[in-house]
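User: I have a structure open and would like to go through it with you. Can we start with the overall picture and then look at some details?

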Amino acid sequence: GVDWLWLLPVLLFIVWMTNLYNFMDGSDGLAGGMAFFGFGFYGIAGLMNGNEAFAMLNFSIGAAALGFLYHNFHPAKVFMGDAGSIPLGFLAAAFGVWGWQQGFWPFWFPLLVFSPFVSDTTVTLFKRTRRREKIMQAHRSHYYQRLVQLGWGHRNTALAEYALMLLAGASALWGVGMDVHSQGILLVCWGAIYSGLMLWVDRCWRRNEALKEIFAGD
């Protein structure tokens, strides 16, 4: 079981993952892709630890996501909506906690596997809170939304995110076998990668907004 000191952090993690998955379901192929990669890596970790039932559960969700992506990739014909994104976010958190309880992976593993979603939503919420915006109000300031608006479009944004999901998940699997010090270095490196990517998108966004003002003035 989970030590009582962990109960509140675990509860907050489950609530946050459930909601952030819903927040990130705003571009063709994005949430389905995260489900395919995220649960796929959960499944591989389950197999590595000899728990075939747990692995098959995760692979089944990943396979279902792949089938959904056939119709959801840009231009999307079907959409996930709350009915799909909220359960997926809950399962990502619940399976992540369960695997940690069973000793399949360290506590940081689910966070890194789903870090393309975790980092975008967490930083965006922090920035909106700092600007005193209504955090539950609809907006288009997520990093993936800004990439779409900057001209990348739904297709290229999804493909770029897939590459990030693959790298994050693969490095998380690789990191499970490391000593604690090396795991810490891995997490710091990923923190630097996300910081760099976000700063780059922010700079491109500011430049784009400045150009809009110039042309609007003309």
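**Burial and overall fold**

Analyst: Of the 218 residues in the protein chain, 43% count as buried. Keep in mind that this is a predicted model.

User: How many helices and strands are there?

Analyst: The protein chain has eight helices and zero strands. Its radius of gyration is 18 Å, close to the 17 Å that the globule rule gives for 218 residues, so the chain is as compact as a globular protein of that length.

User: And what does the C-alpha trace span along its principal axes?

Analyst: About 65 × 40 × 30 Å.

User: What share of the accessible surface belongs to carbon and sulfur atoms?

Analyst: That share is 68%, out of about 11800 Å² for the protein chain.

User: Which residues form the nonpolar patch on the surface?

Analyst: Trp4, Leu5, Trp6, Leu7, Phe107 and Leu111 form it, with about 680 Å² of accessible area together. Helix α1 (residues 4-23) gives the largest share of the patch, four residues. Leu111 sits in helix α5 (residues 109-113).

User: Changing topic. How many salt bridges does the count come to?

Analyst: Four salt bridges. One of them joins the side chains of Asp202 and Lys127, at 3.1 Å from N to O. This pair links distant parts of the chain, with Asp202 in helix α8 (residues 180-217) and Lys127 in helix α6, 75 residues apart.

User: Are those two buried or exposed?

Analyst: Asp202 counts as buried, because its relative accessibility is 13%. Lys127 counts as buried too, at 14%.

User: Last one: where is Ser141, and what is it in contact with?

Analyst: Ser141 lies in the loop between α6 (115-130) and α7 (143-176). Leaving aside neighbours within four places in sequence, Ser141 is in contact with Thr124, Arg128, Arg131 and Arg146. A polar contact of 2.7 Å also joins the side chains of Ser141 and His139. Ser141 counts as buried, at 12% relative accessibility.

Methods. Residues numbered from 1 in each chain as written. Predicted model: local features only at pLDDT ≥ 70, side-chain atom pairs only at ≥ 80, totals over all residues. Heavy atoms only, no water. Patch = residues over 30% accessible without salt bridge, like charges linked within 9 Å, V, L, I, M, F, W, Y side chains within 5 Å. Areas by Shrake-Rupley, 256 points an atom, 1.4 Å probe, with all protein chains shown as cover. Helix = DSSP H or I, 4+ residues; strand = E, 2+ residues; numbered from the N terminus. Buried < 20%, exposed > 50% of the residue type's maximum accessible area, 1.4 Å probe, protein only. Polar contact = N/O pair within 3.5 Å; in protein donor to acceptor, adjacent residues only side chain to side chain. Contact = heavy atoms within 4.5 Å. Rg over C-alpha atoms; globule rule 2.2 N^0.38 Å.
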